[in-house]
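Here is my note on the structure you sent.

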Amino acid sequence: MVKIAPSILSADFSNLKNEIIALEKAGADMIHIDVMDGHYVPNLTFGPEIVRVIRSLTNLPLDVHLMVEKPETMIHWFTQAGADILTVHAEACKHLDATLNSIKEQGCKAGVSLNPATSENVLTYVLDKVDQVLVMSVNPGFGGQVFIPEQLQKIARIKSLIGNRNIQIEVDGGINPLTAAECVAAGADILVAGTSVFASKDYRKNIDALR
Ligand code: DX5
Ligand code: ZN
């Protein structure tokens with residue numbers, strides 16, 4: 001069954017502790033944490049201290065999405081703060097292969113994210129060190145954007161590139177019950193959702209609607 005990773009970008013930050021507890025109770029499979037540096041994307045969000053706090057509140061896997069420039073300089077901050085999966089943008093890495101090595105050496109699962117305009121071809125020579133491919137189905141930076149349908153083709157192409165390797169395909173941006181079904185049909189294993197999970201107080205109902 002498809003896994004749902006609620007993005008806390010849409011959570012009530014004044015009540016973060018209870019939001020995390022509520023997501024766990026509602027059946028979330030992991031917690032997606034969007035780290036933005038104000039340079040790689042035009043928005044600024046969480047640093048490693050927030051990841052550390054969330055780590056103390058839940059045993060769910062922490063899926064940390066780094067939308068930052070020079071992610072290689074920050075990997076240790078987030079592995080030490082308790083991230084389980086650390087995803088970097090292919091476009092933000094000068095030496096993607098080396099950055100993935102460094103994530104794995106520090107005991108985390110390694111993810112590569114691709115912006116909407118980036119071809120899946122950048123994965124060809126690093127696939128054997130990747131645990132997760134994150135397909136951005138909106139331009140990174142903000143919640144609440146509209147799903148870009150061309151990404152469905154990309155999901156299917158990545159699925160065939162992966163073959164029988166144990167790599168998860170995660171899709172992030174504009175996920176609602178309709179686009180969720182399309183992504184799963186194309187080969188997605190994990191769906192990130194902010195707006196649609198936090199749209200109303202019944203998080204379980206909203207998560208179940210995406211499954
Ligand atoms: C966007 C982030 C997403 C965002 C998704 O840059 O990577 O994780 O929270 O939000 P929705 O589900 O509202 O599109
Ligand atoms: Zn994200």
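**Notes on a predicted model**

1. Strand E6 is covered on both faces: Gln132, Leu134 and Met136 on one side, and Val133 and Val135 on the other, are all buried. Buried means under 20% relative accessible area, exposed over 50%, and partly exposed in between (1.4 Å probe, protein chains only). Helices (H or I, at least four residues) and strands (E, at least two) are DSSP runs numbered from the N terminus.

2. This is a predicted model, in which local features need pLDDT of at least 70, side-chain atom pairs count only at pLDDT 80 or more, and totals for chains, interfaces and linings use all residues. Residues are numbered from 1 along each chain as its sequence is written, chains are lettered from A and ligands numbered from 1 in the order written, and side-chain values use heavy atoms, without hydrogens and water.

3. E6 has parallel partners. Strand E5 (residues 109-114) is joined to E6 by 4 bridges, and Leu114 stands opposite Val135. Strand E7 (residues 168-172) pairs with E6 over 5 bridges, with Val171 opposite Val135. Pairing requires at least two DSSP bridges between two strands.

4. The protein chain has 7 helices and 8 strands. Its radius of gyration is 16 Å, close to the 17 Å that the globule rule gives for 211 residues, so the chain is as compact as a globular protein of that length. The radius is taken over C-alpha atoms, and the rule is 2.2 Å times the number of residues to the power 0.38.
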